[in-house]
Amino acid sequence: MTDTAVRVTAPAPVARKNWKLADSAFVPRLICGVVILLIWEVAVRALAPAYVAKPTTVALAIPKVLTDPVFLKATGETLAAVAEGLGITLVFGTIIGLWMGRSLTFDRAIRHYINGFNAIPMIVVLPLFSLWFGYSTYTRIATIIFAAIFAIIMNVADGARAVPREYLEVSRAFRASRLSVLFGVVLPASLPYLLAGVRLAAGRALIGAVVAEFFLSIGGVGYYILYNSRSYHHNEAFVGVLLLAGFGVGFELLVNWSIRRFMPWYRRGDKS
Amino acid sequence: MPTAYLRRHAPFWLSIFAGLALWEVAGRSASAAFMVPFSTTLVRLWQLIVSGGFFTALLDSAELFVTGFVLAVAVGLPLGMLLARVRLLRVGVEPYIMTLYATPMVALIPFILSMMGFGFAPKVLVVFLFSVFPVLYNTVEGARSIRPELIEVAKSFRSSEWALWREVMLPYTVPYTMTGVRQAIGRALVGMIAAEFFLSSTGLGQLIMGASQNFDTGGVFASILIIGLIGVGLMRAGLMIEQHFARWRQ
């Protein structure tokens, strides 16, 4: 291992551009993946009771779970809730963030609250929200919004603050109205920040949805996992976890891709 | 001096004061089951502190948080550095770390519950799982930032492996690790509360759960206030740690 390290550290910075090198990463990845699955399989077979999820049994459970209407319904419910929550979050978060970034008074008035709420572990509000909205889907939406909105606000505010001065001066010289400056200049200029916020917010929204489903016992992937693992159907429950992991990663990749695709100037120098 | 101080900090105090006033008014006009005013929350908080229930809860939670978090850093930092040095291993493992980093770890809590039960260890595992991946992920990310020339120069001067780690790897990677540490603090806090909610009920999580089950809205608000303040304090500490190390970062 050590002799390879000396040799291969040199081409590291080129790896992103050079597709052949990226392809060569496939083999070690595959090997590592197989090794991880093997260790898991062997460890569970040797040490854990039969009901505990292991790769072979989970793989066997996948087709069954994916065609199970209960699971599909649960997935749909969770996804719809996350999408709805993120939609609301995006609209209000962007508006508040833009306002904060462009108005010093407003920023000073609410910045400590935004920072403070952002620092509160979001699960803490669940008991309160369940008092307010009952054991219902409203509580889930509220939790998702609470979990996600502050990340958006903070990032958009940072972005709006970082808009180059010249842009604003030019738009003032052309007598652009405040509103069109805000949505025509400031918003597009802070789009990379917004996307960074969205990436953060989406992960938190997913956690918020799952936690809310655990806590409230309302239908969704989180509840599906809870119910099946309680009844010792760990393999089925684990497919739910895989699905959630897939969403998490998928969203991350989607945001990264759209930054590279639509804002190629942003990434430069950010990651080497 | 006092006017300068006032000018700088007046907006802060004004906004805090306005917020508390708003809370007070909202609390007084709403039903007591939904919302309690700030004054009642303070009274309830004082009762919790005097009865001692608050401090035992705080100690329980702190023990859980610190154990899980220290374990996460103790595992994440060396492992991340190792991955940084052995490039082949890093390339192989990276996508899996990224996947786990993006996976909502809460989803594993039911499994941990049914396999490990209600002790202290499963809760530590939850906090650990929540916080280890940010540390690991950012350490590996930092390792990518090491310019290969530096290692080559060190090698051509016949630097020993240990000196290479100490003089090149560590200073280059640690600032990134600290970004991970800051993220991990926030996540560990979420993990702590989640563990206390869904595994055996102890600490601050139990304080808030108990209050909500007894429809003690004042207690709920008091606990949220305290946990919020702890969260803000920890975040601030994390930011200070990060900025302290960020001076090295390019």
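Modeller: Of the 272 residues in chain A, 37% are buried, a residue being buried if 20 or more other C-beta atoms lie within 10 Å of its own, exposed if 12 or fewer, and partly exposed in between, with the C-beta atoms placed from the backbone. This is a predicted model, in which local features need pLDDT of at least 70 and side-chain atom pairs count only at pLDDT 80 or more, while totals for chains, interfaces and linings use all residues. Residues are numbered from 1 along each chain as its sequence is written, and chains are lettered from A and ligands numbered from 1 in the order in which they are written.

Chain A has 14 helices and zero strands, where helices (H or I, at least four residues) and strands (E, at least two) are DSSP runs numbered from the N terminus. Its domain assignment, of the automatic or database kind, gives domain 1 (2–47) and domain 2 (55–267), and the C-alpha centres of these two domains of chain A are 31 Å apart. When contacts in chain A between residues at least 6 apart in sequence are considered, 73% of them join residues at least 24 apart; here two residues are in contact if their C-beta atoms, placed from the backbone, lie within 7 Å.

Now to the meeting of the chains, where 57 residues of chain A are in contact with 50 residues of chain B. The helices of chain B that each supply at least two residues to the side touching chain A include helix 1 (2–29), helix 4 (87–102), helix 6 (120–145) and helix 8 (161–198). Helix 4 of chain B gives the most to that side, with 10 residues. Sorted by class, the side of chain B that touches chain A holds 34 nonpolar, 11 polar and five charged residues, with Ala, Val, Leu, Ile, Met, Phe, Trp, Tyr, Cys and Pro counted as nonpolar, Asp, Glu, Lys and Arg as charged, and the others, Gly among them, as polar.

One helix pair across this boundary can be followed residue by residue. Two packed helices are described by the angle between their axes and the distance between the axes; the axes are lines fitted to C-alpha atoms, for helices over the stretch in contact, and angles run from 0 to 180 degrees between N-to-C directions. Helix 3 (residues 26–47) of chain A packs against helix 4 of chain B at an angle of about 65°, and their axes are 8 Å apart. The crossing of these two helices, helix 3 of chain A and helix 4 of chain B, is right-handed, which means that the near helix is turned clockwise from the far one by less than a right angle, anticlockwise being left-handed. On the chain A side of this crossing, helix 3 makes the contact through A:P28, A:R29, A:I31, A:C32, A:G33 and A:I36, and helix 4 of chain B answers with B:L88, B:V91, B:G92, B:V93, B:P95 and B:Y96. By class, this contact of helix 3 of chain A with helix 4 of chain B has nine nonpolar, two polar and one charged residues.

Two single residues show further links between the chains. A:V241 lies in helix 13 (234–262) of chain A, and it counts as buried because 24 C-beta neighbours fall inside 10 Å. Leaving aside neighbours within four places in sequence, A:V241 is in contact with A:I225 in its own chain and with B:A107 and B:L108 in chain B. From the other chain, B:A194 is in contact with A:I123 and A:V211, as well as with B:V106, B:I109 and B:V126, again apart from neighbours within four places in sequence. B:A194 and B:V127 have the most contacts inside the largest nonpolar core, which has 130 residues; such a core is a set of buried Ala, Val, Leu, Ile, Met, Phe, Trp, Tyr and Cys residues joined through C-beta atoms within 7 Å.

A:Y232 has a positive phi of about 60° although it is not a glycine, and it counts as partly exposed because it has 14 C-beta neighbours inside 10 Å. With 13 other C-beta atoms within 10 Å, A:S217 is partly exposed.
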